[in-house]
Amino acid sequence: MDRVVTLVSAALKASTLFADFVSASGQNGTIPMQLRLAYAGSTGMVVSWNTYSQLSLPTVRYGRDPEHLNRVASSNVSVTYPTSTTYNNHVSIADLKPNTLYYYQPYDSNSSVPYTFKTSRHAGDKTPYSIAVAIDMGLMGPRGLTTTVGAGAGHPLGPNDNNTMQSLQAQGADTDFLWHPGDIAYADYWLKEEIQGFLPNTTIGDGAKVYESLLNQYYDEVSAISARKPYMVGPGNHEANCDNGGTTDKAHNITYDVSICMPGQTNFTGFRNHFRMPSAQSGGLENFWYSFDHGMVHYVTLDTETDLGHGLIAPDEPGGPEAEKSGPFAVRDAQLNWLKKDLASVDRKKTPWIVVAGHRPWYVSAANRSSTICEECREVFEPLLLEYNVDLVLSGHTHVYERNAPIANFNVDPMELNNPSAPWYITNGAAGHYDGLDPLVRPLQNYARYATDSIYGWSRLTFHNCSHLTHEFVASVNGTALDTATLFKDRKC
């Protein structure tokens, strides 16, 4: 029998919290919503969207002219999972021209104007460009990051502050794609938000509805971005299950764990169903690890949550992945062997830059807890990042911004940003979600060069040429670049 936080009244059951579930049956089940794009090589694009009903043949019309969507692509992929109120539809479009604007529309769209996407720049394209990176970004608005918080939460928005979603649409409008390496939506905060009085209380059994409601609201919100530019994602700990790694109700002296999660809300199920990243093109695994080329850069997404290699697994609150019942998803050392092969295959003449992103950091000025600093990740990945001269490593997980020096085995590269041989490390988990930011541990680590734990923001990476890369920390509140630094590599362009 479910343990009850507070019995929900009939009135609360009919509240707007469950509006999307209550009204779903009255919707046209085939109308597309939550559109999102993902690169599928330089000549391909995956178009994904959700519907209330399963589609027998998900279909997309597309073309170079908005008045003549004269080409069609279809698939048989319309999938769901227990507790989900929608179906995830995925259509892969191939044989496109690189770096080209296309217009598209899924069948049954209620929009009279087609959407657009631009295909990837081919490897070796030397044209300068920028991308946006947002990590640890959750639902924003009345049931997420907003101007109020529950008891015990912190860092609400100011009354006139823009949130990160708004900033990405404004100041990030000129970026080629959005990279989100983990912690997407924070739907697993549902119980914490209820305990803190931010959301109406419900039973544990009905928590599955709240979880799916928050998840759907997030994907509705982010579609303002993801329907128009690729949304490249990776796994974080908040995708794993519905329980936020364990949630304690101190007033009732109850600690909840993964056992409260309904089927379909464990083991990264929603994450695996919702996205289709280019793992097939890069020899990776589902949405967990993959790579792709875009212009001058080879991008690598790593899984720091499962399948680390050497038999190691990433720790987590409070009892580790074994308690969380998440993964593994491949045979021992599969990700590590893939990473070595992937990095060894990079043609540095075409893609001189290699940028790697994984959710958890191993160099950051945070509390030295296994749930915060991933020493296991460092042991597994750092030797390969050094061997193959990776230029930049991005992470989140700690809800702060910290730009570090290039580092090798805890040692700061003496060249700093002037042609270092070690990777440059930046942690930016400050995109924002309910419950705000984390405190930095001061004094900062000796490798830290700039840090803040009081501002929501995202990263803009600009690749000027083969030798100069600029990173900016953009404050979401007003679009100001609070920190700017440029990495120089002595390469002939």
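Helices (H or I, at least four residues) and strands (E, at least two) are DSSP runs, numbered from the N terminus. This is a predicted model, where local features need pLDDT of at least 70 and side-chain atom pairs count only at pLDDT 80 or more, while totals for chains, interfaces and linings use all residues. Residues are numbered from 1 along each chain as its sequence is written, and side-chain values use heavy atoms, with hydrogens and water left out.

**View 1. The stretch at residues 32-119.** Here the chain is 0% helix and 49% strand, and its end C-alpha atoms sit 21 Å apart.

**View 2. Tyr-218 and the largest nonpolar core.** A nonpolar core is a set of buried (under 20% relative accessible area, 1.4 Å probe, protein chains only) Ala, Val, Leu, Ile, Met, Phe, Trp, Tyr and Cys residues joined through side-chain atoms within 4.5 Å. This one has 126 residues, and Tyr-218 is among those with the most contacts inside it. Leaving aside residues up to four places away in sequence, Tyr-218 touches (heavy atoms within 4.5 Å) several residues, including Met-137, His-180 and Tyr-231.

**View 3. The disulfide of Cys-242 and Cys-261.** Disulfides are pairs of cysteine sulfur atoms within 2.5 Å; the count comes to three. In this one, S to S is 2.3 Å. The S-S torsion is about -100°, so the link is left-handed. Both cysteines are buried.

**View 4. The disulfide of Cys-466 and Cys-493.** The sulfur atoms are 2.0 Å apart. Cys-466 is buried at 7% relative accessible area, whereas Cys-493 is exposed (over 50%) at 56%.
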